[in-house]
Amino acid sequence: MSPRTGSHSPAGIGRSLAERGLLLLVVLVLLEGSVLPLGAASSPDISHQENVDNHKVAKEGHNFTKKPFPVLDLDYEHIRIPFEISLWVLLASLMKLGFHLIPRLSGIVPESCLLITVGLLVGGLIKLAGEKVPPVMNSKFFFLILLPPIILDAGYFLPIRPFMENLGTILMFAVVGTLWNAFFVGGLLYAVCQIQPGNPNIIHSLELLPCLLFGSIISAVDPVAVLAVFEEIHINELLHILVFGESLLNDAVTVVLYHLFEEYSGQGTVTVMDGFLGVISFLVVALGGVLVGAIYGILSAFTSRFTSHTRVIEPLFVFVYSYMAYLSAEMFHLSGIMALIACGAVMKPYVEANISHKSHTTIKYFLKMWSSVSETLIFIFLGVATVDGPHAWNWTFVTVTVILCLVARVIGVVGLTYMINKFRIVKLTTKDQFIIAYGGLRGAIAFSLGFLLDKDHFAMREMFLTAIITVIFFTVFVQGMTIKPLVELLAVKKKQEAKRTINEEIHIQFLDHLLTGIEDICGHYGHHHWKDKLNRFNKKYIKKCLIAGERSKEPQLIAFYHKMEMKQAIELVESGGGVKLPSAVPSTVSMQNIQPKKPPPAKPVERALPQLPKGREEEIRKILRSNLQRTRQRLRSYNRHTLVADPYEDGLGDLLLKKQKMIELEKKIKDMNNYLTVPAAPPDSPTMCRARLASDPQAYSMKPDTDSVPTIHVDLASPQSPDSVNLMDEFRRAGQQQRQQKEDEDQGLMMKPPSAPSRPKKPGEADADRDQQKLMRCLSDPGPSADEDEDEPFLP
Amino acid sequence: MGSSSSSVNHVPNAQELMQETGFSASQILRLYERFEFLDRDRTGGLSFQDLEALPHLSINPIGDRIIGAFFSQGQETVDFASFVRVLAHFRPVDSNRRDGAPQEQANSRTRKLKFAFQLYDQDKDGKISRAELLQVLRSMLGIQVTEEQLQSIAERAIQEADLDRDDAISFDEFKKSLEKVDIDHKMSIRILR
């Protein structure tokens, strides 16, 4: 039984399948673990063999000791490196697969722990096989290949609004907090190292600067680890953004401190001048990184303006520009992480407005995929490197480090919160502080930085590495595993999973304007004032440059509204495909001819079919809107595990809800007079029709309207009622009618009852239907539904 | 910024205002200074023109509504007490205020929302009708949006929020639609703490 089917079967069978799947995986792991060293071992032999053979043949000249022509040959060396890389990636992905097949395990233990364990296993296997463990945690590889996708994913989907609102707090934690941590840990470690009475210990030789360097390496909260753990606990947005933002922004501090101490560790002293230069360097690193990122972001946005004819390579621009931003920043020793975040955040609103829906989906999925693989690989490699790396265990050093890290973090958070709360409107409670302190996880970045240390300058390198690894293990395992139950225990507010409604959007904008006005009256140039100014500037100049065509003038609300409509329409279509109904579908009515109206997204389609006039689009949107019944519950998360809400989860409750909404909708259709050019009898998806017919015994009809509005009388007596059949017939005829001449107006959409005045059907309506057909052809695949996080306007 | 309480005595009704709104003495003083600044012709009250003279307010889409909110029924000028009372709505909520039930404070969540609601509801019938919502949308979205788009947005919004199906949004429905939004944060101005 393949593990693939395991996840869909009911629990009992699933368990045995899962176990079998696990067994299969373990076997695979062992296989892979053994192939790697075997491959490494055999390749030199084989290549050597071949060399010898060739040599022999060459030497003997044209001596006719001809070897038989090799029908099957083994040339491992030829493909070794790509093969091994692919093998690692495959291992990582299979591990991920495996963890989710065992539901209980992934609930208790965070994925990062499991992955490290797997890494330890694989490393152990390789070592057992007597082979040299490949230097997978090669720092260059880590920083240039493994880290960028994760950071780009984080930056592109960063929720800008909460980030900006809490920027002050985040910066305080990131800069001041990290500095405090570094100096506290480094300084106290040095002090502890000095006070070893009596027995000579190796750590006595540790000087202050290496200690401070070590402190700065170990003090930085790691974004990868934070992401991995926090995503599973679904904590509320504020805490998430605080800890995560801190982990991203402290990169600049870490870079500066690291280089500062590393440079001067040789000399032995750091003067005040150096400290001063360090501060300036920090500003340069941070702001420079952001600047580089922003420049590339703008370039990318500008490029995307012209990609309307080459849609397939749109995602490529996003990735390549971002990566180049990272590399450029690293070139100047600026903060690559901040560059990447800035690039992603800057380019996103403009790029999103320019690219097609499919490209958007592609970008999203590629980013999630790469970052997922990267993260998995990082943790596995961490395990492998632990087994491999030369270790120098020193009880004092390691334990003191761990304790100091914890203590420093707690004191830092508490102290900073005390100061920050003076300036915050919504204050941070003790619970919040606890979570922030507890969520300060260290990860692979610390390890890689330690790995980079030069052995000649730092004799204590191995000891450092051991300590770093211990701290990482401690935070990831102990803190990672216990944070979930602690969150439950402390009843910390969880993430709210709700779709952003248009009401919220309208009101929030309204409130923004209101607050800006009040601030003006108070004479206070506050948060809202500057945001408003930036928005105006953005609207007036920047959008014109960076967004193609019509979209540049589109106000935020309209864009949001369009997006919502399209998303819901896509959902409806998708759910129309696979809903399991409680009762049988009456077969008397042929539903096949009722084509589910594919969602014609308003603006993107304009690019596909430039000749679609605005009026038609409106009509289509009306029809569409009348189909959109229920706002679905969506996870507003940028969690890798839950990208697509399952469209097949409609149940009976939904059907009933839909039915209720139908009643409301019909009432409302009454009111939509002058802009309802199409008598929008909701041409429902087959599901809806089936649902209505199947589950509704009673007929609900409309009160006939007295004015000259064409009303839709939906008389659904029973499944077998001739009324409903007629209804469907109307549609069928309407569908067929499109293929006939335009002038054929009178039949098709004239609805019962005859009391409604037969309004001459506009010739345009036939057009609308035909255009819809065209659109349906264009949109062969609407793509999976999108996440909520992209609904966040750039600067609302 | 701290002025001694003796200067606060220049401010009329300072103590009562402090009591009522929860502002501190320094804040009252600061607001009074601002009030005097805005009151260019020294009439002791702010007129419509005084407030309109603020440059940023004139380009604010809902600027006139905001100004209108200061003037209670039929009044021509805003005196200092009304000025402070309106601004009291925007004080950040302090969670550990001892006196008075939290609900009755000027800056409680309900009161803040009520203030916003009244800005929508110009005819003061207790509901935001479709026409009123359209007006707001029109002023916020400007001229580049077509009538149909506005209508569809308004329609959608009412569809979402209107629970008792009276085709208008009452205050409770308004509150409910914003229950996930952190109003305390959104409707607070820091300096008014």
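**Salt bridges in the predicted model**

The structure, a predicted model, holds 16 salt bridges over all chains. A salt bridge here is a side-chain nitrogen of Lys or Arg within 4 Å of a carboxyl oxygen of Asp or Glu. Residues are numbered from 1 along each chain as its sequence is written, and chains are lettered from A and ligands numbered from 1 in the order in which they are written. Local features need pLDDT of at least 70, side-chain atom pairs count only at pLDDT 80 or more, and totals for chains, interfaces and linings use all residues; side-chain values use heavy atoms, with hydrogens and water left out.

In chain B, Glu155(B) pairs with Arg130(B) in a salt bridge, with 2.3 Å between the closest N and O atoms. Glu155(B) lies in helix 10 (residues 147-161) and Arg130(B) in helix 9 (residues 130-141), so the bridge ties together parts 25 residues apart in sequence. Helices are DSSP runs of H or I, at least four residues, numbered from the N terminus. Glu155(B) is buried at 6% relative accessibility. Arg130(B) is buried at 17%. Buried means under 20% relative accessible area, exposed over 50%, and partly exposed in between (1.4 Å probe, protein chains only).

A salt bridge also joins Glu147(B) to Arg138(B), at 2.8 Å from N to O. Glu147(B) is partly exposed at 41%. Arg138(B) is partly exposed at 29%.

Glu160(B) and Arg156(B) form a salt bridge at 3.8 Å, N to O. They are four residues apart in helix 10 of chain B, so about one helical turn separates them. Arg156(B) is buried at 3% relative accessibility.

In chain A, salt bridges link Glu77(A), Arg80(A) and Glu84(A) in a network.

Key: Helix = DSSP H or I, 4+ residues; strand = E, 2+ residues; numbered from the N terminus.
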